[in-house]
Amino acid sequence: MPSTVFGDFACTAADELRLAQQFAMKGQTSTEGTAAIVGASTRLVKTLTRYADLKVDTSSNETWHGMRVAYEHLSTLEKELDASGWQCRHPVARHIDGCAVSLGIGLDLLKTHHTPDGTANLTDWANAICHPDVQLAIGKLVRDGAQQLGTVLHQVQPALRSTSLEHVHHALRSLGVSAEGVAVQHGQATLKAVPLYEAPTLEPLPGVHLSISDLFRDITAKTEAIRTLAASSTGDATDQRWQLHAIGAAGTLHSAMVACNLLLRRSTEISPDCTQLAQRLLAGGHRAVQRVYTRWNDVRGIWDKWATTTLRKAPSDLEVHLKHLVICTRRMVSADPGWTFGQSRATMSRIPAQLALHMADMPTVLMTVLRTVDALRVVAEYDLSRVEQAVRHGRLLRSGVTPPVHAADLDNTHVLAAYRDLVAHSHAAIPRIENAIITIVTPGSRPAFGDGLATLGHRRDPKLVKAMYDFNDRETSGLSNKRASILAVLKESRLALQAGKTPPSAENRSSANRRWGPGRSR
């Protein structure tokens with residue numbers, strides 16, 4: 001789990017500003033102290049104004065206009081005051097400075113998810129930062145902070161008797177009303193959850209997971225690492241890379257499918273004579289996960305027929321995390337808490353009550369399944385883009401062959417159609433699992449799960465989803481190179497499917513390289 005998130009700095013900033021207000025209310029402030037407060041306020045307003053770098057839509061230009069006016073007046077007043085005043089250790093100035101520092105570090109944390117020039121995303125958290133709900137939350141953060149500062153300055157104004165401070169107070173208190181509602185609340189939850197971007201580290205798995213909650217924690221950590229590594233994955237475009245991705249994904253989703261089946265059985269045990277909506281939604285979620293599992297096996301089957309048995313000397317970090325995810329998800333549904341590779345595939349599954357004793361325990365399991373499906377969706381989308389680019393530019397090589405052989409005999413239409421089908425079914429499975437969670441969750445837990453579901457939704461790229469289903473040529477000009485290439489792939493795949501061509505069936509797959517995954521049932 002991330003050790004540092006934006007919410008840490010936002011909470012610290014709010015505490016600092018609250019303390020500044022409390023000290024400002026205690027009595028008169030000296031001229032020297034007021035000068036120090038003006039300097040600290042200038043730095044805070046400048047920091048708040050920097051949040052415009054995130055292209056925040058605050059619903060009105062009056063916010064940024066008011067911030068600029070306040071900054072100009074504070075800067076002018078700062079120059080007019082005696083420089084000795086900056087050395088004053090006034091508590092109000094100290095806490096305003098603390099707020100400015102915390103918000104500045106928080107802003108730098110958010111920017112780590114973009115390239116230094118801000119033109120490209122490094123992780124899918126950048127999608128969340130640009131989401132309208134999160135932008136409203138950022139706008140509210142800026143507005144509320146500025147208006148609280150305006151209150152502080154109004155309380156210390158009599159010590160300075162400056163018309164400039166009056167203008168600053170008026171500008172900061174006239175920024176408009178912050179947006180409210182469920183969308184803003186979800187946006188605030190997502191904003192607080194944005195972590196510092198850092199390369200995932202490889203940590204050895206424990207020999208035995210002592211509790212199911214430990215497993216859920218490890219699975220969440222692995223899915224987060226996989227999302228980051230899928231976006232930053234580099235290396236040669238070879239069949240083996242995508243084959244191993246498909247093997248790991250298929251093995252993971254097999255366990256996710258078993259978990260859904262155990263929940264369905266448990267719901268029947270709890271209420272055997274009642275056809276509940278929850279049971280129908282659980283069955284729908286199970287079928288949706290099964291479809292995604294089948295599509296990953298379709299992709300795996302294509303690479304099994306093409307790839308050689310020669311392994312690279314060292315697997316990539318993404319492949320290692322996928323392998324760990326297979327182990328963790330298998331332990332989630334296995335009666336053996338220390339299951340690992342090399343053991344019998346006939347290991348007994350958990351008793352359904354061991355996975356979820358009560359209906360109230362099921363949303364946590366389903367949330368883990370959802371995180372897994374969504375993380376593998378990210379892998380599928382990046383693999384689709386990179387496979388298409390490799391095929392188009394003649395860089396798709398058959399590994400282990402000397403000299404390297406280009407993919408002339410690989411049916412490009414089939415592999416691209418299989419990936420497109422996989423991504424489409426991955427997107428279709430997500431709302432089915434979400435519906436089951438929302439229906440089963442208890443009223444007391446609904447806000448927390450609602451925030452979690454909203455955060456995952458904010459991280460998905462809506463433009464990429466649009467590109468996958470919009471076959472209008474006019475859309476191509478407005479898409480990035482990545483999205484335009486995916487659109488071209490989907491057009492070819494659509495024509496192939498209309499012509500009656502389908503990806504190779506699961507029955508005729510090679511047995512070579514059957515690593516990580518369970519048996520392949522349709």
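User: What share of the 522 residues in the chain is buried?

Analyst: Buried residues come to 53% of the 522; buried means under 20% relative accessible area, exposed over 50%, and partly exposed in between, with a 1.4 Å probe and protein chains only. Keep in mind that this is a predicted model, where local features need pLDDT of at least 70, side-chain atom pairs count only at pLDDT 80 or more, and totals for chains, interfaces and linings use all residues. Residues are numbered from 1 along each chain as its sequence is written, and side-chain values use heavy atoms, with hydrogens and water left out.

User: Why is W339 called buried?

Analyst: Its relative accessibility is 4%. The cut-off for buried is under 20%, so W339 counts as buried.

User: And what makes F341 partly exposed?

Analyst: F341 has a relative accessible area of 25%.

User: Why is the pair of W339 and F341 called edge-to-face?

Analyst: Rings of Phe, Tyr and Trp (its six-membered ring) pair if their centres lie within 6.5 Å; planes under 30 degrees apart count as stacked, over 60 as edge-to-face and the rest as tilted. By this rule there are two aromatic pairs. For W339 and F341 the centres are 5.5 Å apart and the planes stand at 65 degrees, so the pair is edge-to-face.

User: How do you know that R459 sits over the ring of W125?

Analyst: The charged end of R459 is 4.0 Å from the ring centre of W125. The rule asks for NZ of Lys or CZ of Arg within 6 Å of the ring centre and within 35 degrees of the ring normal.

User: What makes something a nonpolar core?

Analyst: A nonpolar core is a set of buried Ala, Val, Leu, Ile, Met, Phe, Trp, Tyr and Cys residues joined through side-chain atoms within 4.5 Å. The largest one here has 70 residues, and L253, V289, W296 and Y419 touch the most other members. Helix 14 gives the most to this core, with 14 residues; helices are DSSP runs (H or I, at least four residues), numbered from the N terminus. A second, separate core of 49 residues includes A146 and V194.

Methods: Helix = DSSP H or I, 4+ residues; strand = E, 2+ residues; numbered from the N terminus.
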